[in-house]
Structure formats: structure tokens, C-alpha cells
Amino acid sequence: MLISDKQLARRVQEMSVQIERDFKGREMVVVSLLNGTVLFLADLIRHLSLPLRLDFIGVSSYGHGTESGDLVFTKELRLDVRGRDVLLVDDILDTGKTIHRVLAKLKALKPRRIKTCVLLDKKARRVENVQADYVGFEIPDYFVVGYGLDFAERYRNLPFVGVLHPKIYKANAKTKSPYRKKK
Ligand SMILES: O=P(O)(O)OC[C@H]1O[C@H](OP(=O)(O)OP(=O)(O)O)[C@H](O)[C@@H]1O
Ligand code: HPA
């Protein structure tokens with residue numbers, strides 16, 4: 001275990017206080033990235049008493065491995081963010097490729113401002129020059145799972161953040177993809 005459920009709860013509450021302060025007086029649009037943000041997002045927004053709208057972008061690049069691959073958008077944003085204050089939420093900032101691409105997409109929609117919020121920041125593997133405005137925890141270079149984060153779509157339901165033992169992903173390298181084949 002790297003981060004306990006109690007540590008997560010405390011930090012998420014602290015992050016919400018910071019966000020409330022910065023977004024006061026404006027209705028924000030929370031844009032959350034699927035699928036990894038499910039638990040973090042649910043805990044974060046229940047602490048926010050500001051008016052907000054919520055939408056999702058589906059984006060995936062890790063598939064059933066531990067390395068970033070081609071980025072695939074699985075769901076597009078439906079809300080209009082032009083002139084709006086956007087809070088972009090993701091579970092982890094790792095290489096930075098996901099947030100970098102999503103930020104470019106969002107900026108093209110002309111919001112008033114975009115603030116980024118991530119639960120975990122793994123600086124060691126960064127390849128894109130991106131930083132988040134709100135960070136829950138900086139973590140070392142481990143492949144982590146739990147509290148929404150997966151390995152091959154498993155472990156998202158763990159209530160804590162844990163480090164995946166390398167023997168799990170090494171053994172899994174030869175196993176079948178969990179995804180449906182494209183027709
Ligand atoms: O900074 P990066 O190296 O781009 O990695 C971060 C992204 O990787 C994970 O998504 P993934 O592709 O695993 O999809 P998921 O959210 O469905 O798990 C995670 O949820 C982030 O969105
Ligand atoms: O460490 C990680 N764990 C799960 N998903 C991820 N996506 C990027 N880095 C990670």
C-alpha cells in the first residue's frame with residue numbers, strides 16, 4: 001500500500017477547499033477523464049458546494065500494459081465550455097501525454113480558463129512539459145493501482161493506492177487483452 005484510504009480522504013478534502021477558493025463566484029465545468037477518475041471524482045465533487053456542471057472525456061493509452069501507447073478517444077465532450085471556467089480532472093499525471101493532448105483539445109474550444117487537477121503526480125516519467133494546478137500526492141516511479149487506477153482494467157475498486165508487484169505485470173504480458181475486438 002502506498003496511500004491509505006484515510007490519507008486519500010484527507011487530501012481530497014484539502015484539495016476541494018483550495019479549488020472552492022479559486023473558483024468562487026463562477027460556475028465551473030468539471031471535465032473528468034474516463035475511466036480512472038471514477039472514485040477520485042466522486043469523492044472530490046461531493047466536497048464542492050460551488051455550482052458546477054460535469055462532463056467526461058474518454059481517453060485511453062495504456063490498454064492492458066504498463067507503458068503509454070497510442071492515445072484513443074473513446075468519448076467526446078458534450079458540454080459547451082466556451083467562455084467557461086474548466087476544471088480538468090485526472091487520476092494520474094505520468095508521461096503527461098494524456099493531459100497534453102486533452103489540454104490542446106480543450107483550449108481549441110475557447111474556455112475562459114482551464115485549471116488541471118490530478119490525484120497523483122509521477123514526475124520521474126514525464127515526457128511532455130505539463131504541470132497540474134492541483135496535485136494530491138507526488139509519487140515515485142511505481143506502477144500504481146487502486147482508487148480508480150487499473151492494470152488491464154483490474155484493481156480499480158481498491159479503496160487505497162497500491163504498488164503493483166512487477167511479477168503481476170510480467171506474468172500478464174503473455175495473457176489475453178481484456179478488450180473486445182473491433183469489428
Ligand atoms: O500521463 P500519461 O502517461 O498519459 O498517463 C496518465 C493517463 O493514463 C491513465 O489512463 P489510461 O490510458 O490507463 O485509461 P484509464 O483512465 O481508462 O485507465 C490515467 O488514467 C491517465 O489518464
Ligand atoms: O502508474 C499507473 N497506474 C495505472 N495507470 C497509469 N496510467 C499512467 N500511469 C499509471
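Which residues are buried in helix α2 (residues 38-45)? They are L39, F40, L41 and L44, where a buried residue has 20 or more other C-beta atoms, placed from the backbone, within 10 Å of its own, an exposed one has 12 or fewer, and a partly exposed one lies in between. This is a predicted model, in which local features need pLDDT of at least 70 and side-chain atom pairs count only at pLDDT 80 or more, while totals for chains, interfaces and linings use all residues. Residues are numbered from 1 along each chain as its sequence is written, with chains lettered from A and ligands numbered from 1 in the order in which they are written.

Four helices and eight strands make up the secondary structure, as DSSP runs numbered from the N terminus (helices: H or I, at least four residues; strands: E, at least two). Along the sequence they follow the pattern α-β-α-β-β-β-α-β-β-β-β-α. Of the 183 residues in the protein, 28% are buried.

Back at helix α2, the cover over its buried residues includes α1 (5-23), β1 (28-34), β4 (85-93) and β5 (113-121), judged by contacts, that is, C-beta atoms placed from the backbone and lying within 7 Å.

Helix α3 (residues 97-107) has T98, I99, V102 and L106 buried. These buried residues fall within an arc of 85° seen down the axis of α3, so they line one face of the helix; the arc is that of the directions from the helix axis to the C-beta atoms. A104 and K107 are exposed on the other side of α3. Cover for the buried residues of α3 includes β1, β2 (52-60), β4 and β5.

Terms used. Contact = placed C-beta atoms within 7 Å.
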